[in-house]
Each structure stands twice: as structure tokens, then as C-alpha cells.
Amino acid sequence: MSHLAEALTLVSVALYGLAALLYALMWLGNSRPLRLGAPLALGGGLLVNLAQLLSRWLEADQPPFKTLYESLVLLAACIGIVYLVIELVYRARILGLPAMLGAAGAMLYAFSRHDKEIVNLPPALQSGWFVPHVVVYFFGYAALFVAFCAAVLYLIRPRPIRIRREDLIPGEKIDLEKLLDGSVRFGFVLLTFGLLVGAVWAKAAWGDYWVWDPKETWSLVTWLVFAAYLHLHYLGGWRGQRLAVLVVVGFAAVMFTYLGMNLLPTAEQSAHVYQ
Amino acid sequence: MTGDSNKEGNTRAGEGESGGAASAPRTMKFALALLGGVFLAGVVLQSMLSGPGGVSRRATVLAGLAGFLGVMLAGLSKPWRRFLSSIQFAAPALFVLAGFSVLGTLILQNVGGQQLLQGYGPGLSRLIKGLFLDDIFHSLGFAAVLGLGAGALGLVVARRRRYNLRTTGSVLAHGGLILVLAGAGVGMVWGVKGRIDLHEGQETDSLVVPGRDGLINRLPLGFTLRLDDFRIEKYEPDYSLMVYALAGEKQKRLLSFKPGRDPDRKLAAHGLAVTGWWPDYRRRTVVEAAGDVGGGDVLAAARIDRGGKETWLFDEPGREAQAVEVDGKRLLLVWREERARRYLDSLAKMPASPHLLVVDGRELPARPGEEVPLPGGRGRVKILRFFHDFVMDPQTRQPANRSAEPRNPAVEVSISAAGGQESRRWLFARYPDFHGRGAGDELKLSYRYRPGGASRPDAILVGESRQLWSLDAGKLSARAAVKVGGEFTLGRERLRLAALLRPARRRTVEESAGSREVNPLLRVRLPSGRTVDVRPGKPVRYSRDRFLVLAPGKGETVRDYLSTVTVLEEGRPVRERQLVEVNSPLSHGGFSIYQADYRPEDPTYSGFQVVRDPGLYVVYLGFAANLLGVVLAIWGPRWQRRRRRREGGEA
């Protein structure tokens with residue numbers, strides 16, 4: 001790992017951190033410089049983050065999604081992009097603070113990792129399905145992270161206010177539940193796509209769609225939880241707190257799928273576990 | 001749920017089912033009880049059917065089908081139909097499936113009863129065994145629950161509804177899942193999964209399918225598959241020095257240092273320093289002319305070139321000259337003519353033995369019954385018996401001579417090790433690589449046999465007078481002058497005397513044969529001041545909790561496993577030299593052939609997984625339908641609203 005890459009990581013941490021600070025200041029008083037400055041800092045962090053991803057891709061001459069370190073760099077970029085899209089679509093900056101803390105946190109965790117060296121791809125990962133499978137999943141994870149932020153904000157909101165039209169940021173009328181739901185729906189479509197791509201890839205590589213590898217099984221668990229969310233929300237009419245709790249549970253399952261596989265007794269034979 | 005009934009009613013209306021008198025037990029608790037009951041029914045069935053190897057795949061699919069058909073039948077009654085296609089059933093079913101999945105990752109799967117007992121204790125392991133949770137995903141209970149779910153999906157798809165983007169999406173998403181499960185079931189019942197093991201050049205017309213009870217079935221492929229060749233492509237090796245810290249059972253990597261590229265200060269932080277780095281380490285003895293080393297006996301050396309290969313002969317003071325064998329003839333270097341003469345005299349006095357034992361390159365003339373000391377004080381060796389044409393007599397099961405000719409000379413020797421242990425072994429002149437060693441026995445012995453005297457030279461190179469003395473049965477038969485740079489013949493081979501050095505000096509040189517990291521060695525000075533050599537696969541522990549490893553820095557070393565195969569039908573090749581590699585199977589005759597296995601110790605072997613899956617396209621169709629359905633169901637209403645708004649705006 002070159003010094004340049006280390007420097008890029010720290011610069012993007014700093015910019016994401018700055019964005020988080022500016023979004024936090026908005027909670028106290030919304031002003032035009034803040035509304036301009038925060039997305040600018042975010043955009044800067046994202047550019048540096050993407051530059052790091054791209055330079056590693058070029059240096060390694062292979063997609064940089066093999067190690068936990070590389071996946072964290074990708075995750076931070078996905079969070080930045082997904083949040084930016086959500087801010088533009090919903091014209092809401094309420095999730096800026098937690099999203100930027102998440103992106104900076106992912107980058108800091110990446111910086112602390114010991115697996116920063118480029119590693120060769122094993123034969124099974126040298127496939128055209130590798131990039132779509134991983135990238136789609138990480139955009140999905142990022143969307144569900146944003147949903148999780150919305151859910152937590154919903155659950156810990158400081159005063160008993162109406163569900164709709166939150167105004168945590170002065171002057172900003174947004175519907176937290178709508179934000180949460182939009183992110184989950186986006187995340188669920190990506191989870192479905194990632195799961196199916198993974199199954200098609202496994203079939204092409206080994207002749208089996210599905211082998212109940214622990215990570216496969218846990219990705220099914222997350223899919224089932226969010227499928228339950230969609231059913232309960234649209235058909236069961238679930239609203240409010242219990243829906244937010246379900247999203248928190250679903251995101252916990254996502255995080256466990258991503259980082260917790262080492263803890264499982266059945267993880268030894270898995271093709272998916274980060275070392 | 002009561003507080004949300006209004007909203008639910010609206011949704012139902014959208015799906016085209018009008019509300020009405022509902023006598024079905026519409027509670028989530030009932031759904032959970034139903035799912036649990038179906039699972040337990042599967043468990044009971046499995047404990048009745050289960051043989052030593054578990055239940056068959058067919059039984060699993062039948063259990064699923066039973067669940068599916070059961071729901072379909074129940075769906076004939078309207079209240080049941082409404083219940084089973086309702087959210088009150090769907091949500092618990094999703095959570096139950098998620099719960100089973102989680103259990104399947106928390107409980108060790110497909111391990112023996114012993115391991116379960118160790119892991120979970122007697123009570124819990126009996127429960128796990130009893131509910132078949134140790135192979136949960138292939139149990140009849142799980143299959144029945146899946147079937148129940150598939151049936152419910154079927155009822156959802158079959159529901160009457162007003163079609164729009166969302167409801168179309170719902171039908172596709174749910175119907176897609178039914179297709180996936182149906183396709184997987186078809187694959188399980190009518191599909192074939194087995195393996196083919198081949199060595200290069202071998203062919204087969206069948207695949208091996210392991211049966212449930214450990215029996216192996218052979219199924220015809222319908223064509224012949226030949227493995228033309230197999231190779232493993234490796235990444236360019238790229239070794240780094242890793243410093244690890246031991247913390248209890250775990251190891252933590254503190255540092256990865258790339259020799260030749262990373263700055264030395266990276267290592268200095270751990271008190272280490274690199275004193276040498278050779279990507280392709282080798283030690284070589286170079287022989288060179290020494291300066292005048294004064295009087296007395298000195299080392300003499302001659303370099304002989306034989307077709308581009310160089311061989312050194314030495315005449316060492318205080319040691320018996322060691323012969324070099326060329327085309328079965330033995331050549332010696334003796335520098336002084338006077339010493340060569342004395343040597344010839346001693347040969348004449350010494351009775352010739354046809355036996356020569358070779359230990360680590362040192363030759364020991366030996367006679368049967370006579371003890372010979374082993375070099376390095378490792379004990380003594382004695383020839384017990386000799387057979388000039390060794391054969392094992394099949395009747396007496398004793399060694400014997402097959403003929404009067406020396407076709408297969410063999411000796412039985414006894415070795416008295418320095419520690420006092422005695423061992424015996426057979427040595428064969430024609431099989432010098434067979435050392436007759438037992439496990440853990442390090443002594444490498446081989447045997448040479450020459451009727452005319454195994455240890456007698458056939459020629460002596462006399463350095464002082466630049467002469468080649470030819471011998472016959474130990475007696476001088478001819479002398480010829482040789483020049484440095486000139487040629488001479490020994491046996492049938494033409495040799496060139498490339499150099500004659502006296503005094504000569506032998507020196508060991510450490511060098512790298514090239515810049516590729518074929519045999520890397522890193523020399524490291526430890527904090528204690530001691531220097532160690534670190535090689536791959538040989539970790540060096542240098543303190544209580546620190547060790548060094550030289551390992552490929554980029555982890556993976558194998559880039560690809562590649563088999564080249566030819567498909568033959570009726571003896572004629574129809575697809576020649578096709579490449580099968582990971583992620584790129586070969587499809588032929590309804591089978592897909594996947595690169596699946598290799599053996600590091602058996603480089604011509606390649607293993608294939610062979611799959612015939614008649615449900616493949618049904619599953620793929622299901623995937624496509626599900627994905628499209630999810631997208632439509634989730635974003636369809638939004639698109640429709642936007643279009644309506646736009647049309648409204650235009651109007």
C-alpha cells in the first residue's frame with residue numbers, strides 16, 4: 001500500500017468528517033452557506049474516495065473488491081453516492097449527518113485494517129459476475145444503511161412530534177417515513193439483483209445455484225426480513241415505530257452478513273468470509 | 001393488526017378481492033402454529049423413512065410437493081384461500097424461513113454425531129438430531145415448509161385482480177419464486193450431479209455419482225471425455241516478510257515487508273534488519289586458482305567439460321581421491337606422478353571387490369562379511385548376502401538367483417547405527433534411487449556392482465605431467481599426453497580438459513539464479529543480534545510472542561486451473577481441445593462439466609464436477625420474472641402516478 005493511498009484515505013475521511021460537521025450545524029441553524037458547503041465537502045470526499053478506488057483498480061489490474069479493506073473503501077463511496085441521490089430526490093438533508101459519519105467511519109475502519117496490500121484474485125473470483133455482484137450488493141447495503149439512519153432518527157427523535165413533516169432541520173419539511181421507505185425499496189431491489197446474480201454466477205462457476213454457504217444463507221435472511229417489511233408495510237399496514245424497529249433488525253442482519261461471518265461455527269467452509 | 005385494518009382493506013380492494021364474511025382463522029399465531037405443525041409432520045415422516053444415509057432427494061422434493069398441493073387443496077375453500085394468501089400468513093412464513101436459515105448457520109451442518117455431542121452436550125444434540133436440524137436444508141420438515149410457502153405463493157398468483165404495474169409485478173415476483181422452487185425440484189429429481197476424475201491422456205464415458213449409503217453408481221455420459229492436459233497457472237510469486245504477534249490462540253499480523261522495495265526503516269521499528277535477500281537463492285561452489293600458499297600439499301583441481309556440462313575432479317591432500325563416473329568408466333585426478341605410481345602399486349596389492357556402497361556421494365569399497373565404517377561416525381555397514389541376478393522365489397518366498405548372468409545384482413546389508421540399533425535393507429545396483437529406507441531413516445545408501453572391481457579406476461589424470469593413464473583391471477595399459485583445452489576419450493565419451501589448477505581454492509558463493517522469486521531467502525538480523533535465514537513455509541519464532549514468515553504477499557498463488565479436454569463420439573473427436581476452467585464450464589450432451597479439483601502431489605490429475613440440470617431454464621426464467629416483478633411492484637405505482645400527473649398537466 002503506497003503512501004499516496006494512505007493519504008487519500010485520510011483526506012476522504014477528513015472531507016466526509018467536514019461534511020458531517022456542516023450537516024450537523026444545519027440542525028442548529030439552516031443557512032445558505034451550509035446548504036452549499038456540506039454537499040461540496042461530501043462531493044470532494046467522494047471524488048477522493050473514488051480516485052482511491054480507481055487508482056487501486058489500475059495498480060492491481062483487477063477489481064479492488066477482494067479484502068475487507070477494499071470493500072470498506074467501496075462501501076464508503078456507495079454511501080456517499082446513495083446519500084447524495086437521496087438528498088437530491090427527496091430534497092432532504094436530515095440524513096446528511098449520520099450518512100457522512102457512516103462514510104467517514106467506514107474509511108477510518110479501512111485505514112485501521114491490516115489487509116491493505118493488494119492480493120491476487122483466486123480463480124473463482126475471476127469472473128464477469130464479480131463486479132456486478134459486489135457493486136450491486138454494496139449499493140444495496142448503502143441504501144439500507146441510509147434507511148437504518150432514518151429508522152434510528154425516527155426512534156430516538158427528541159420530542160413527540162408528528163410522524164410526517166419532521167422539521168429537525170429548521171425550515172426543512174420532510175417525511176422521515178417516506179425517506180426510510182424509499183431507501184428500503186431501493187435497497188431491496190438491489191439485494192434481489194445481487195442475490196440472483198450471485199446464484200447465476202455460482203451456477204456458472206460450480207454447477208450449483210445455492211449451496212447454503214453461511215453468507216448465502218444470511219443474505220437470504222436479510223432478503224426475507226426486508227421482504228417481510230414490504231409485505232407488512234404495504235399489505236399489513238404497518239407504520240411508525242414497529243416498522244422502524246423492523247428496519248433496524250434488518251440492517252443488523254445486513255451488518256452481520258457483512259462482518260459477522262467469522263463468528264459462525266459453520267463459517268469454516270465459506271467462500272465469502274473476510275480474513 | 002386491528003388498528004391497521006382500514007388500510008389493509010384498501011389494499012385488498014386494490015388486489016381485486018372484496019372483503020366479506022371471513023370465517024378463516026386469520027391470525028398470525030395460527031399461521032405460526034400451522035407452519036410449525038407442517039414442519040413437525042415432516043420431521044415425523046423423516047424419522048419413519050430415514051435410512052443410514054438420510055432421505056433421498058426425491059423424498060425431499062415429494063415433501064415439498066405435498067406441502068404445495070396441500071395448500072392448493074385448502075385453497076379450494078374460500079376462507080382458507082384468503083387466509084393463506086394474506087399478510088397474516090405471509091409475514092410469519094417469511095420469518096419462519098428466516099429463522100430456519102439462521103438455525104442452519106448456527107448449528108453445525110452435516111457433521112457426525114460425535115461432533116454434535118461435543119459441541120452441544122447430550123440433551124441438545126439429541127434434540128438437534130431428533131428434529132434433523134443438523135442437515136436442516138435437506139430435511140423433509142424444511143422442504144414441507146418451503147412447499148407450503150410455494151403453495152401460498154401460488155394462491156397469491158391465482159388471485160383475481162385488476163391489473164396494473166404493481167399487481168403485474170406482484171404476480172411476476174411471486175410466480176418467479178414458484179418457478180425457481182419448481183425448477184430446483186425438477187433438478188433434484190431428474191438432474192444428475194457427479195464427478196469425473198482423470199489423469200492426462202485418460203478418457204471415460206461415464207460419471208461417478210455417490211449414493212446415499214456410501215455406494216457409488218456409474219452413469220453413462222453418452223459420449224467420451226478425454227483429458228488432453230491439465231495445468232495450473234500461477235501468479236508471479238511475490239514474497240513478503242510478515243511479522244506476526246501471538247496473542248493467545250490468535251495471530252495478529254504486525255507488518256508486511258517487501259524486500260527490495262519497502263524502506264528498511266519499516267523493519268527497524270520492530271528491531272529487525274535485512275542483511276541479505278536472494279529471490280532465487282542458491283549456493284554454488286566455485287573453484288579458482290589460489291595464490292601461492294607455500295610448500296606442502298595443496299588442493300589440485302581439474303575441470304572436465306562433457307557436452308556443455310562441467311565436472312570438477314579434485315586431488316585433496318590427506319584424502320583418498322574420489323573418482324568421477326563417465327559412461328560407466330571411472331576417472332581420477334592425481335597431481336603428482338610419483339603418488340599416482342604408488343596408488344597403482346596399492347591397487348595391485350589390494351584384492352578387487354566388485355561391490356561398492358555409496359553413502360551421500362562417498363564411495364565405500366566393501367566385501368561381503370566385512371564391516372565398513374560409515375562416514376561421519378554414523379556407525380558401520382556390512383554386506384550380508386549377494387545375489388548376482390536377484391529374484392524372489394515364489395515357492396520358497398526366499399531370495400534366489402534367476403540366472404548365471406549378473407542381470408540384477410543385489411546385496412542385503414546390515415547397518416549398525418552409532419546409537420547401537422541394527423537394521424537390514426536390500427540394495428539393488430540397477431535401482432540406485434531405491435534406498436530401502438524405512439520411515440524416519442535418513443541414511444541414503446546405494447550400491448554399485450562391477451565384476452572387474454567396483455572401486456578401481458579406469459583412468460587417472462596425472463596433473464603434474466599432463467598425462468592420461470588408462471588402466472585395465474587395475475594395471476597401467478596406456479599413457480597419452482593431454483593439453484589444457486585439448487580433448488580425450490573415456491569409454492565412448494569425448495571429454496575436454498578445460499582447466500588444471502594447482503594450488504586451487506574452493507569457495508562457496510551465495511547468489512540469486514535470477515530475479516524471479518523461485519527459491520527466495522531473506523536473511524534477517526534479529527533484535528538479539530543473531531542472524532536467521534527465513535524461507536517460505538518455515539516460520540521463525542524469535543521471541544515469546546513474535547514470529548517471522550516469508551509468504552506470498554498477495555495471498556493467492558494460483559491464477560487458474562486449466563484442463564484441455566476432447567469430446568469423442570463413437571471414437572471420433574467431435575470437440576477437440578476445449579478449455580475447461582473455473583468459471584468456464586464445457587457443455588455437451590446435456591451435461592455441464594466444471595473444473596472442480598486438483599491434487600498438488602499428482603500434477604497430471606484433474607477432477608470435474610458434472611451436472612445435468614433439466615430445471616436450469618425454469619430457474620433462470622424464475623429469476624428473471626422475480627427481478628422484473630420486484631422492480632414493477634416497488635416502483636410501478638410511482639411511475640404510474642408520475643405519468644398520470646403529467647397527463648393531467650397536459651389536459
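Student: What radius of gyration does chain B have, and what would a compact globule of 651 residues have?

Tutor: Chain B has 40 Å, whereas a compact globule of 651 residues would have a value near 26 Å. The radius is taken over C-alpha atoms, and the globule value follows from 2.2 Å times the number of residues to the power 0.38. Along the principal axes, the C-alpha atoms of chain B fill a box of roughly 125 × 70 × 55 Å. This is a predicted model, in which local features need pLDDT of at least 70 and side-chain atom pairs count only at pLDDT 80 or more, while totals for chains, interfaces and linings use all residues. Residues are numbered from 1 along each chain as its sequence is written, and chains are lettered from A and ligands numbered from 1 in the order in which they are written.

Student: How is chain B divided into domains?

Tutor: The domain assignment gives domain 1 (2-162), domain 2 (192-235 + 557-610), domain 3 (239-280 + 513-551) and domain 4 (284-506). Such bounds come from an automatic or database domain assignment. Taken over C-alpha atoms, the centres of domain 3 and domain 4 of chain B are separated by 43 Å.

Student: What share of chain B is buried, and how many helices and strands does chain B have?

Tutor: Buried residues are 31% of the 651 in chain B. A residue is buried if 20 or more other C-beta atoms, placed from the backbone, lie within 10 Å of its own, exposed if 12 or fewer do, and partly exposed in between. There are 11 helices and 35 strands in chain B; helices (H or I, at least four residues) and strands (E, at least two) are DSSP runs, numbered from the N terminus.

Student: Why is B:Arg397 called exposed, and what is B:Arg466 called?

Tutor: B:Arg397 has 7 other C-beta atoms within 10 Å, so it is exposed. B:Arg466 has 15 such atoms within 10 Å, and is therefore partly exposed. Their backbones also deserve a look. B:Arg397 is not a glycine, yet its phi is positive, about 55°; it is in the loop between β16 (390-392) and β17 (399-401) of chain B. B:Arg466, also a residue other than glycine, has a positive phi near 50° and is in the loop between β21 (459-462) and β22 (467-472) of chain B.

Student: What makes the peptide bond from B:Arg502 to B:Pro503 cis?

Tutor: Its omega is near 0°. B:Pro503 is in the loop between β25 (493-501) and β26 (504-512) of chain B.

Student: How do you know that the span of helix α6 of chain A agrees with its number of residues?

Tutor: The expected span is 1.5 Å times one less than the number of residues. For the 31 residues of α6 (176-206), this should be 45 Å; the end C-alpha atoms are 44 Å apart, so the two agree. Just after α6(A), A:Gly207 has a positive phi of about 90°.

Student: What makes α6(A) largely enclosed by the rest of the structure?

Tutor: Of its 31 residues, 26 are buried, so α6(A) is largely enclosed.

Student: Which helices do the buried residues of α4(A) pack against?

Tutor: They pack against α1 (3-28), α2 (32-60), α3 (68-90) and α5 of chain A. The buried residues of α4(A) include A:Leu97, A:Met100, A:Ala103 and A:Met107. Helix α4 (96-112) has 17 residues and reaches 24 Å from its first C-alpha to its last, close to the 24 Å expected.

Student: How many residues of each chain are in contact with the other chain?

Tutor: 44 residues of chain A are in contact with 45 residues of chain B. Contact means that the C-beta atoms of two residues, placed from the backbone, lie within 7 Å. On the side of chain A that touches chain B, the elements giving two or more residues are α6 and α7 (214-234) of chain A, and α7(A) gives the most, with 12 residues. By class, that side has 31 nonpolar, 11 polar and 2 charged residues. Here Ala, Val, Leu, Ile, Met, Phe, Trp, Tyr, Cys and Pro count as nonpolar, Asp, Glu, Lys and Arg as charged, and the others, Gly among them, as polar.

Student: How many residues has the largest nonpolar core?

Tutor: The largest nonpolar core has 158 residues, and those with the most contacts inside it are A:Ile79, A:Ala142, A:Val146, A:Ala147 and A:Ala150. Helix α5 (residues 130-155) of chain A gives the largest share of this core, 18 residues. A nonpolar core is a set of buried Ala, Val, Leu, Ile, Met, Phe, Trp, Tyr and Cys residues joined through C-beta atoms within 7 Å. Beyond its neighbours within four places in sequence, A:Ala147 is in contact with residues including A:Leu180, A:Val184 and A:Phe251. Apart from this core lies another, of 28 residues, among them B:Ile304, B:Leu331, B:Leu332 and B:Leu501.
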